[in-house]
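Please find below a short note on the structure, arranged as numbered points.

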Amino acid sequence: MKIFIEKNYTDLSKRVADIIESEMKEKSNLVLGLATGSTPVGTYEELIKRYKEEGLDFSKITTFNLDEYLGIPHDHVNSYHYFMEENFFKSINIDNDKINIPNGNPENVEEYCKAYDKKIENQGGIDIQILGIGENGHIAFNEPDDKLYLGTHVTDLTESTIKANSRFFDSIDDVPKKAITMGLGSIMKSKKILLLASGKNKANTIKKLLKDGVVSTHNPASLLLLHPDVTIILDEEAAEEYMK
Ligand code: F6R
């Protein structure tokens, strides 16, 4: 496991973009696993800048997003489809056919979930997966629980996640209560994982992850510690409690 502690969010975003850029230069048809939420936005901005200023080429990459709210239209401003389009895809030269985001309105959800995992597998697996982390240690929408699912599945969001995500909605009642998410097994199959955390509100989460020396389904991010190629990129605020 590698840990980078960057001075601030801007430096964190540049570091993550550097890693992705070098992987893209090694493999032009990279399979990139993407996350939503606030944390990767700076990375997407940095990658967009490199596309515009240096011609970083996204035309051959394939992307798979981690998750989507269930039952939300894809053109809804809070859907993850909308988020990805606005924050990344509309500003780079990606081929729309190579973008994969879980469908929030599938006809047969169980079959759809299996097909999503199969599509990742058929693509040769994810080369590099970007992850944020919830304050409660969730990864994608794999929430702390007695058991965690391996594959893509539908899940209930916890109260703490609903509360955290309500910042993007008019009211907490508008936050969807269910989501479709890649499972920990699908995520762990990625060849390389980048876990990003920024800001004071993640300081205790990171301390728990890196100092407790415990792997538990009640702290889903802790399973990543078993992955052979995980890089954790923090800013100083997120690293503060861990460094004490
Ligand atoms: C988003 C996702 C979530 C976020 C997490 C942190 O696709 O899967 O697990 O990564 O909730 O969110 P932010 O970055 O907003 O703190």
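How do the residues of the shell around the ligand divide into nonpolar, polar and charged?

1. The model under review is predicted. In this model, the shell around the ligand comprises four nonpolar, seven polar and three charged residues. There are 14 residues around the ligand, of which T39, D67, H138, A140 and K202 come nearest.

2. For T39, an N or O atom of the side chain is 2.4 Å from an oxygen atom of the ligand. For K202, the separation between a polar side-chain atom and a ligand oxygen atom is 2.6 Å. T36 also places a polar side-chain atom 2.8 Å from an oxygen atom of the ligand.

3. Turning to charged pairs, the structure holds 16 salt bridges. One of them joins K7 and E236, with the closest N and O atoms 3.6 Å apart. K7 lies in the loop between β1 (2–6) and α1 (9–26), whereas E236 belongs to helix α8 (residues 236–243), so this pair ties together parts that are 229 residues apart in sequence. In general, side chains of opposite charge can pair when their charged atoms come close.

Conventions: Residues are numbered from 1 along each chain as its sequence is written. This is a predicted model: local features need pLDDT of at least 70, side-chain atom pairs count only at pLDDT 80 or more; totals for chains, interfaces and linings use all residues. Side-chain values use heavy atoms; hydrogens and water are left out. A residue is near a molecule or strand if one of its heavy atoms lies within 4 Å of it. A polar contact is a pair of N or O atoms within 3.5 Å; within protein, one must be able to donate a hydrogen and the other to accept it, and residues adjacent in sequence count only if both atoms are side-chain atoms. Ala, Val, Leu, Ile, Met, Phe, Trp, Tyr, Cys and Pro count as nonpolar, Asp, Glu, Lys and Arg as charged, and the others, Gly among them, as polar. A salt bridge is a side-chain nitrogen of Lys or Arg within 4 Å of a carboxyl oxygen of Asp or Glu. Helices (H or I, at least four residues) and strands (E, at least two) are DSSP runs, numbered from the N terminus.
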